[in-house]
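Let's take a walk through a protein chain together. Keep the 3D view open and turn it as you read.

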Amino acid sequence: MPTHVPAEAHGDERGALLSFVEAQRGGLRRAVLGLTEEQATSRPSASELSLGGLIKHVAETELNWLRMAQQRPNEKQRDQSNWHESFQLMGDETTAGMLVFWGEVAAETEEFIRKVPSLDDTFPLPPAPWFPKDGQVSMRWLMMHLVEETARHAGHADIIRESIDGKTAFELVDLANG
């Protein structure tokens with residue numbers, strides 16, 4: 001763990017969950033520190049992943065889960081025909097622009113979670129082969145899933161960044177702290 005996640009106030013489960021998600025977001029944001037757009041969109045391994053593409057994917061994924069929890073349509077909904085575009089910067093999209101977009105999504109997630117009446121409240125999962133029939137999950141589950149999803153991709157970002165210029169997660173924490 002390259003950064004310490006501060007303890008929440010006693011009994012502040014929402015704050016703890018939000019802090020852990022934010023800690024993982026930080027790992028992804030730091031992965032692009034000091035890189036050019038060309039470096040951030042490069043694919044230095046056998047994988048199709050780039051840092052800019054990972055940031056876009058995680059931002060869109062968080063938005064998708066937020067919209068499901070809010071039971072609102074997702075303005076960036078993907079389907080089988082364009083799923084691959086969630087991992088690639090397209091047209092005039094930039095890494096910096098994706099970071100701004102993700103920041104807006106993160107702020108909306110925090111506001112929503114802080115206002116939801118209970119972390120035990122549930123929302124329905126859409127029909128999909130990977131979800132149980134008539135499945136529902138709680139807001140607590142949502143937050144744990146965002147920790148899981150973001151952490152998984154933060155790990156990918158660590159490997160990609162190290163492949164670009166050798167910088168490790170710990171070095172990037174130092175760079176971010178000046």
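Start with R114 and E110, whose side chains meet in a salt bridge, with 3.0 Å from N to O. The term salt bridge means that a side-chain nitrogen of Lys or Arg sits within 4 Å of a carboxyl oxygen of Asp or Glu. Both residues lie in helix α4, four residues apart, about one turn of the helix. Helices here are DSSP runs of H or I with at least four residues, strands are runs of E with at least two, and the numbering starts at the N terminus.

Before we go on, a word on where this comes from. You're looking at a predicted model, in which local features need pLDDT of at least 70 and side-chain atom pairs count only at pLDDT 80 or more, while totals for chains, interfaces and linings use all residues. Residues are numbered from 1 along each chain as its sequence is written, and side-chain values use heavy atoms, with hydrogens and water left out.

Back to our pair: are R114 and E110 buried, exposed or something in between? Buried means under 20% relative accessible area, exposed means over 50%, and partly exposed is in between (1.4 Å probe, protein chains only). R114 counts as partly exposed because its relative accessibility is 44%, and E110, at 36%, is partly exposed too.

Now look at another salt bridge, where R78 meets E60 at 2.8 Å, N to O. This pair links distant parts of the chain: R78 is in the loop between α3 (51-70) and α4 (95-115), E60 is in helix α3, and they are 18 residues apart. Both R78 and E60 are buried.

In total, the count comes to 16 salt bridges.

What about the charges overall? The chain carries 17 positive and 28 negative side chains, and the centres of the two sets lie 2 Å apart. For this count, Lys and Arg are positive and Asp and Glu negative, with His and the chain ends not counted; each charge is placed at NZ of Lys, CZ of Arg, CG of Asp or CD of Glu.

Next, find A69 in helix α3. A69 counts as buried because its relative accessibility is 5%. Which residues does A69 touch, leaving out those up to four places away in sequence? They are F112, F123, M139 and L142, where contact means heavy atoms within 4.5 Å. A69 and F112 are 43 residues apart in sequence, and their C-alpha atoms are 9.1 Å apart in space.

Finally, zoom out. The chain has six helices and two strands, and along the sequence they follow the pattern α-α-α-α-β-β-α-α. Buried residues make up 43% of the 178 residues. Take the contacts between residues at least 6 apart in sequence: 70% of them join residues at least 24 apart. The C-alpha atoms fill a box of roughly 45 × 45 × 25 Å, taken along the principal axes.
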